[in-house]
Amino acid sequence: MSYKRSFLMEERLADNRQRILKAARALVAEGGFNHASIAAVAASAGMSAGAIYRYFPSKSALFVEVLTSAIDHEIAILQAIVQGEGDVTARLRACVESFANRALEGPYLAYAFIAEPAEQEVDEARLLGRIRFGEVFKSLLIEGIEKREFPAQSIDIGAACIVGAFTEALVRPIAPRAKRDGRAELVEGIVAFCLRAVGAKIF
């Protein structure tokens, strides 16, 4: 007869997994991936280091899940803006502003999210994240072209360039020990560039 875990056991395992992820995300937000060693994650989660490996086969696997969860959260925020009110140009502006402002508010997490040196698995997760962000902006570009707010253009290239522009422009400002002066001007500059890039009218 095959062994079946009880409901309570499954629930406890799921709770432990979430505790680990929550602890890892908090540590990354405080100081990046380097701040979130397995020992530090275990201590924060109230578990042994060995227990972490029962849920995640490696530190990279843990970081990939933290990153994927953060990407899911960001995309949900952007999709809510995309589906909101206002013309397409206003919603594109709001999407870029929203991402840039949150990155500057949580620079360590954003730097880990965008550019902190990490294992190959994490880099691959970042690439998938950028592709998923691109899908959000594709929907805006399609709508903007249909409504004649933007000129005809390559949807794939335009969306990829928007994502590349605002992520690359944030790398230096969110890097560890970077000065974070002129935030409003930085965000507005990123927004203006992205709008000009797709041919939106800026007043």
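At what angle do helix α4 and helix α7 pack, and how far apart are their axes? I looked this up before anything else. The model is predicted, so I kept to its limits: local features need pLDDT of at least 70, side-chain atom pairs count only at pLDDT 80 or more, and totals for chains, interfaces and linings use all residues. Residues are numbered from 1 along each chain as its sequence is written, and side-chain values use heavy atoms, without hydrogens and water.

**Entry: α4 and α7**

I find an angle of about 10 degrees between α4 (residues 59-82) and α7 (residues 120-146), with the axes 9 Å apart. The axes are lines fitted to C-alpha atoms over the stretch in contact, and angles run from 0 to 180 degrees between N-to-C directions. The pair is therefore roughly parallel, a label for angles under 35 degrees.

Next I listed the contacts (heavy atoms within 4.5 Å). On the α4 side they include F63, L67, I71 and L78. On the α7 side they include V122, R126, F133 and F137. By class I get 13 nonpolar, five polar and five charged residues. Here Ala, Val, Leu, Ile, Met, Phe, Trp, Tyr, Cys and Pro are nonpolar, Asp, Glu, Lys and Arg are charged, and the others, Gly among them, are polar.

**Entry: T89**

Is T89 buried or exposed? I find T89 buried, because its relative accessible area is 14%; buried means under 20% with a 1.4 Å probe, counting protein chains only. T89 sits in helix α5, residues 88-105. I skipped residues up to four places away in sequence and found T89 touching E149, F150, L195, A200 and K201. I also checked T89 against S37: they are 52 residues apart along the chain, and their C-alpha atoms are separated by 42 Å.

**Entry: residues 37-56**

UniProt, in an unreviewed entry, places a "DNA-binding region" at residues 37-56. Such annotations may be inferred rather than shown by experiment. I get 75% helix and 0% strand over this stretch, with the end C-alpha atoms 13 Å apart.

**Entry: whole protein**

I count nine helices and zero strands. These are DSSP runs, H or I of at least four residues for helices and E of at least two for strands. The C-alpha trace spans about 65 × 45 × 30 Å along its principal axes. Of the 203 residues, 41% are buried. Among contacts with a separation of 6 or more, 67% join residues 24 or more positions apart. The accessible surface comes to about 11300 Å², and 56% of that belongs to carbon and sulfur atoms. The area comes from the Shrake-Rupley method with a 1.4 Å probe.

Note on methods: Buried < 20%, exposed > 50% of the residue type's maximum accessible area, 1.4 Å probe, protein only. Parallel < 35°, antiparallel > 145°, perpendicular 65-115°, else oblique.
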